Amino acid sequence: MIGSVPSPTRSTASVRTAGIRSGRGSSRLISTTALLIDLVLILLATGIGVVGRNSLTIFDEAADVTSVVTGMAVWLVPLWIILLAAWGLYRTKNMGAGSLEYQSILTATGITAGLAAAVLYLTHSQLSRGFFVLEFTVGVVMLLVGRLTLRRFIQRARGRGLLLSDVVLSGTIPHIDEIATVISRESWLGYRIVGAITPPDDPSPHTTRGIPVIGHIDRLGEAVRTVEAEAVICAEGSFPGSRDFRRLAWDLEHSRTQLIVVPAMTDVSAERLQVRPIAGLPLVHVEQPQSEAASRWGKRAFDIVGSSALIVVSAPIMLAVALAIKIHDGGPVFFRQVRVGKDGRLFRCFKFRSMVVDAEKLLAQLRTQNESDGGVLFKMEKDPRITRVGHVIRRFSLDEFPQFFNVFRGEMSLVGPRPALPSEVEQYEEHVHRRLDVRPGITGLWQVSGRSDLPWTETVRLDLYYVDNWSMTQDVMILIRTARAVLASAGAY
């Protein structure tokens, strides 16, 4: 089976010649680009440090230490780059997702600053405080912004089919298809599936999703090398025992193919995982779910301060929206609807009215046109009940601004699961009720991951992930992503 590679793999080989579309070529391009960007930014920060030290008087440095600063810059720049490389910042597997990349920049920069201070002290050099402060404060900010910009560029390129890495999926067909679904949904990961490797007793030529089977697990290493995959993702069922995994690792030792193992557990954030090897056995410790932490005073204080500021800042916009609604049809400005809050408590959710006055009565006539896959929610992209003003305010989520008052009153949170209707809660399966363990939010993972375009099952999955893996950092990131999603007005109707 290995000798006869299916057509998708041959097309991959032809694509590989297209330069930036290739697997290993794209990895080298990304790494080289990151290195060059960091080098330029560090040189720029050094220049700012030199010029700023000579121009600013806030550091009150009477002595002329220009020669010391110039000499320091000569060895500081390569030292900084070397330490960034030592922390894996030019390995593509550490780039493009998660906070580890940014944490590594902060760590490498801190160590660079510490080593520079130590060298200057031991050599009795006259240290310029102005240069030192400007170099590292400006430098670290520029490096972080540079990596964020590069990440966004890479993710957009991958969404267009560029800078992809060829991967092979290994395991039983159900597990392979499950991983393939995630890879297909999260195109920004940059994985292009070129084949599947299944157990020897499975004669299927394709998986359920149509991925060609290019070999079996007993000859996994050979199959991976045949298609020149950049990575092999091993799901459950890839190895009969630990010895088989070790043999595969040995088999791929001298290749550049990454070995990625997917554990059986899913929807657990990295912050809740800690690997502790004991006697060669990698034990994965999983922290408890964070639903209780999401209801403590820290998040509530954040909501009070945030909602208060947003009410003040958005007051002119809310006044303009209210006038537009009133002038359009003379009906009520606000729409109050009963929603289910934390622990099943009911509350009245405020929104600007975006539909005709008798919208609730017309809903029964439109039930047969529901476009939601699960039937729990009602979705209709071209809902005839929405007014002209309603289309505008929904597109940019202006209709939800009055919910800032719900947040201030403690009925909602700035970030959380989507607030549900009582009729929707009545249709919940047992596990879905966990969404009610925290306050519902104006925005959430569901909002920044597709808004109305998401199917019901995916909305539930994202909400449950949020409840189990809450953190204040995640809340801040969701708010930032919400601003981008609203401005792009994607998936809103």
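A residue is termed buried when its relative accessible area is under 20%, exposed when it is over 50%, and partly exposed in between, with a 1.4 Å probe and protein chains only. By this scale D343 is partly exposed, because its relative accessible area is 47%. The structure is a predicted model, in which local features need pLDDT of at least 70 and side-chain atom pairs count only at pLDDT 80 or more, whereas totals for chains, interfaces and linings use all residues. Residues are numbered from 1 along each chain as its sequence is written, and side-chain values use heavy atoms, with hydrogens and water left out.

The protein chain contains 16 helices and 11 strands; these are DSSP runs, numbered from the N terminus, with helices (H or I) of at least four residues and strands (E) of at least two. Of its 493 residues, 44% are buried. Contact was taken as heavy atoms within 4.5 Å. Among contacts with a separation of 6 or more, 73% join residues 24 or more positions apart. The chain exposes about 25,600 Å², of which carbon and sulfur atoms supply 61%; accessible areas come from the Shrake-Rupley method with a 1.4 Å probe, and for residues only the protein chains shown count as cover.

Confidence was expressed as pLDDT, the predictor's confidence in each residue, from 0 to 100. The mean for the protein chain is 80, and 82% of its residues reach 70 or more. Helix α1 (residues 7–16) has the lowest confidence, at a mean of 38, while helix α12 (residues 403–408) has the highest, at 95. Over residues 1–21 pLDDT stays under 50, although the model has 38 contacts beyond four places in sequence for this stretch. Where pLDDT is low, the predicted coordinates should not be read in detail.

The interior was described through nonpolar cores, each a set of buried Ala, Val, Leu, Ile, Met, Phe, Trp, Tyr and Cys residues joined through side-chain atoms within 4.5 Å. The largest nonpolar core has 31 residues, and I42, M72, L84, F136 and L143 touch the most other members. At least two residues of this core come from each of α2 (23–55), α3 (66–86), α4 (100–122) and α5 (129–159). Helix α5 gives the most, with 9 residues. Apart from this core lies another, of 29 residues, which includes M412, L414, V415 and V448. When neighbours within four places in sequence are left aside, M72 is in contact with A116, L120, F131 and F132.

Other residues lie at the surface. F153 is placed in helix α5 and counts as exposed because its relative accessible area is 56%. F153 and G96 are 57 residues apart in sequence, with their C-alpha atoms 9.8 Å apart in space. A270 belongs to the loop between β5 (258–261) and β6, and its relative accessibility of 60% is the reason that A270 counts as exposed. Between A270 and S99 the C-alpha distance is 9.7 Å, while 171 residues separate them in sequence.

Surface patches are made of residues with over 30% relative accessible area and no salt bridge, like charges being joined within 9 Å and nonpolar side chains (Val, Leu, Ile, Met, Phe, Trp, Tyr) within 5 Å. L273, V275, V284 and V286 make a nonpolar patch of about 290 Å². Strands β6 (273–278) and β7 (281–286) each supply at least two residues of the patch. Within β6, L273 has 32% relative accessibility and therefore counts as partly exposed.

Side chains of opposite charge can pair when their charged atoms come close. A salt bridge was defined as a side-chain nitrogen of Lys or Arg within 4 Å of a carboxyl oxygen of Asp or Glu, and a search of the whole structure finds 15. In one of these, the closest N and O atoms of K299 and D475 are 2.7 Å apart. This pair links distant parts of the chain, with K299 in helix α9 (residues 297–329) and D475 in helix α16 (residues 472–488), 176 residues apart. K299 counts as buried at 4% relative accessibility, as does D475 at 0%.

A salt bridge also joins R435 to D463, at 2.5 Å from N to O. Here R435 lies in the loop between α13 (422–425) and β11 (441–443), and D463 in helix α15 (residues 456–468), 28 residues apart. Both R435 and D463 are buried. D343 and K342 meet through their side chains in a salt bridge of 2.9 Å, N to O; K342 is buried, with a relative accessible area of 17%. Finally, a network of salt bridges links D38, E101, R147 and R151.
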